[in-house]
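Colleague: Please take one part of this model and go through it closely, then carry on to the rest in one connected account. Give the cut-offs with each term as it comes up.

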Amino acid sequence: MTRSVAGLITGRWTKYLVIAFWLVVVAVAGPLAGKLTEVQSNEAKSWLPGGAESTEVLDRQTAFTSPDTIPAVIVYERTSGLTPADQAAIAADAQEYGRIPELDGQVTGPIPAQDGQAAQLLVPLNLGEEGWEKAGTIVDQMRATATDGANGMSVHITGPAGQAADSAEAFEGIDSTLLYAAAGVVIVILLFTYRSPVLWLLPVISAGVALSASQAVIYLLAKHAGLTVNAQSAGILTVLVFGAGTDYALLLVARYREELRRHEDRHEAMAFALHRAGPAIIASAATVAMGMLCLLFAETNSTRGLGPVAAIGIAVGLAAMLTLLPALLVTVGRWIFWPTRPKYGTPEPTTTGMWAKAGDRIGRRPRFTWIVTAIVLAIMSIGVIQLDATGLTNKESFRGTPDSVVGEDVVARHFGGGAGSPVVVVASASQVAQVRAAVAGTSGITSVTDPVVRGGDGFMEATLSSPFDSEEAYETIDRVRDAVHAIPDADAQVGGTTAINLDLQRAARHDRNLIIPIVLAVVFVILAILLRAVIAPLVLMATVVLSFAAAMGVSALAFKYIFGFGGADSSFPLFVFVFLVALGIDYNIFLMTRVREEASRHGTRRAALVGLAATGGVITSAGLVLAGTFLVLFTLPLTAFAEIGFAVAFGVLLDTIVVRAVLVTALNLDIGRHMWWPSKLTQVPDQAPEPAESSLATARSD
């Protein structure tokens, strides 16, 4: 960022124009941001790859049933055996369900269990395009009908409709929960960092403005440009804008406070702060945004949609923190730092701080330090062999035990696990008989409905012998597909809930294998351009990848032995990689740009200690903010969110405190000027490392 632009943002009069501009943005964006939930797509098709077989089945089966129709399974149980009164009550419920407006077809049942202890009803519900949001209300009404007069029978609603209702309840209020929790975490950490009762207000206000503006932009793109947004990406947006935005604020404020001790005029101090810190902050945001945009290469719609959603959040957050926040800071003046106002001419406290002392210790034996640190991180990464990221069952997806999970267990106990979640098969009408025979003869299928022929296609449903989300069910889907695909001219395709889950798992694996190398390549290019070197980017990327592996290893052990999670979502490794690599490189950028700035004057080895002393405190605070905001995801009742929150939070702390401060600093000290090959900095002789105090005290402000 040039000084002229920095001066324009923080000018004596132009600062008011900047604030006025953002006030207009808030006035326009506020109403639009509130409509973001209206354009969220949480139905199955919005998550699926466009070319997946189960996606194509959803399109073809519209000739037979609405894509918005999902079955509700109402299961009744009395372990001592259903009484005649129970059976009469269940029959009455069936008649009642036959009159609900959302019914699409006929109520099936009552279907008695062979042991006489249970019965079930299958109710097809057309919930419309907003079915995910409506499911909770309708299922609650159905449950009230079933429990009225049950007289001791246990009643549960499961199947796709029951699962949708429980998922919707888990996501209910998620936006406000994450917003207030993230804001609370940020406020607490900023109070601790700044030790000021008022300074925290400005970064939080700026982050709130950025969140509102980014939500408005995303709403417009989702409504008019086809951007896929769901509850997952909307939730991550809130955390990312508050976490990353506050990080940028911390770095800017730290450099501003440093410049206030060198410049009597606060406007001049902020202009210098923007001139010095701006490029690193912009490079950091660009790295994160470009890393997120790499998700556009994903097959999975939900993953592909997260890329631009996150990138927009980062871009708007950057704009707010480099324009609105500086304008607010210079408007209010130095008193905002009360009670420890940085006075002109006072010494910089970081010269004798904790990180300056830590750097001095690392400087005594840098090679030993980085080798031991790398070995410890490698040992931590061994735990990744315990990670089971092959997907979560419905039961494993919730941290509690919602009604649909209890109902699944009851259905499996009395009817077999596949009841209520049929396998859907669509084939050419001319070959439908052969296809049905092939499906019925497949191991793992207990029954197949008679085909319905319409418009040149035949439609049938098959029942699995195992739970719909089990590994056995996925293997059955593969066998059914092999069997029907082998029939000439059948054009047969297999879908349904189990097939959808299987296709999502495979798409996630494809996305991970494709996108991770792309992210690494993009990050390397950005670092090479920023640092004007080749060795330094390679070293930094190696440290971040090692940090990612260590975080995954520890997380896998924690999931299995501490939290008791049954596994991990299939998209978990990719999401954590993108967040940790992009955000982890952030802190290396903040450190290394300062080291490079000082290396031209002091040599790389001494600059390494100066950079650590100058940035250590603020980067640690930034890491705490980002880790704290992501840890908010751990409070949600959904396993996938909790796992991402824990892994990213732990990885950020590990990267901030160990990798960036210890490992990278030790490597800088050991490799020295060769870190900048092939730039001219390799010709600047390395001076012997010395305490950072003297170097920082003489650092120039031009």
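Modeller: Two strands are taken as paired if DSSP finds at least two bridges between them. Helices (H or I, at least four residues) and strands (E, at least two) are DSSP runs, numbered from the N terminus. The model is predicted, with local features needing pLDDT of at least 70 and side-chain atom pairs counting only at pLDDT 80 or more, while totals for chains, interfaces and linings use all residues. Residues are numbered from 1 along each chain as its sequence is written, and side-chain values use heavy atoms, with hydrogens and water left out.

The part to look at is strand β8, residues 457-464. Strand β5 (residues 423-428) pairs with β8 in the antiparallel sense, over six bridges. Within that pairing, V426 is opposite F459 of β8. Strand β6 (residues 445-448) also runs antiparallel to β8, joined by three bridges, and I445 has L464 in β8 as its bridge partner. Strand β7 (residues 452-454) is another antiparallel partner of β8, again through three bridges. Here R454 stands opposite D457 in β8. The hairpin of β7 and β8 has two residues between the strands, and G455 takes a positive phi near 60° there. Six of the eight residues of β8 are buried, so the strand is largely enclosed by the rest of the structure. Buried means under 20% relative accessible area, exposed over 50%, and partly exposed in between (1.4 Å probe, protein chains only).

Next, the nonpolar interior. A nonpolar core is a set of buried Ala, Val, Leu, Ile, Met, Phe, Trp, Tyr and Cys residues joined through side-chain atoms within 4.5 Å. The largest such core has 158 residues, and the members that touch the most others are Y248, Y256, I281, L329, F579, F630 and W676. Helix α21 (residues 572-602) gives the most to this core, namely 19 residues. Apart from it lies another core, of 25 residues, with I74, I90, V139 and A165 among them. Leaving out residues up to four places away in sequence, Y256 touches R266, A269, M270, A273, L329, V330 and F337; contact means heavy atoms within 4.5 Å.

Helix α22 (residues 604-631) holds T620. T620 counts as buried because its relative accessible area is 15%. Neighbours within four places in sequence aside, T620 is in contact with W355, T656 and R660.

Charged pairs come next. A salt bridge is a side-chain nitrogen of Lys or Arg within 4 Å of a carboxyl oxygen of Asp or Glu. By this rule there are 19 salt bridges. D491 and R60 form one, at 3.7 Å from N to O. The pair links distant parts of the chain, 431 residues apart: D491 is in the loop between α18 (471-485) and β9 (493-496), and R60 is in helix α4 (residues 53-60). D491 counts as partly exposed because its relative accessibility is 49%, whereas R60 is buried, with a relative accessible area of 15%.

The side chains of K395 and D409 also meet in a salt bridge, 4.0 Å from N to O. K395 is in helix α15 and D409 in helix α16 (residues 403-414), 14 residues apart. Relative accessibility is 47% for K395, which makes K395 partly exposed, and 33% for D409, so D409 is partly exposed too.

R594 and E598 are four residues apart in the helix, so about one helical turn separates them. Both residues are buried. R594 and E598 also belong to a network of salt bridges that links R255, E258, E259, R262, R594, E597 and E598.

Last, the surface. I371, I375, I379, I382, V384 and I385 form a nonpolar patch there, with about 560 Å² of accessible area together. Areas come from the Shrake-Rupley method with a 1.4 Å probe; for residues, only the protein chains shown count as cover. Patch members have over 30% relative accessible area and no salt bridge, like charges being joined within 9 Å and nonpolar side chains (Val, Leu, Ile, Met, Phe, Trp, Tyr) within 5 Å. Of these residues, I382 lies in the loop between α14 (366-381) and α15 (394-397). I382 counts as exposed because its relative accessibility is 52%.
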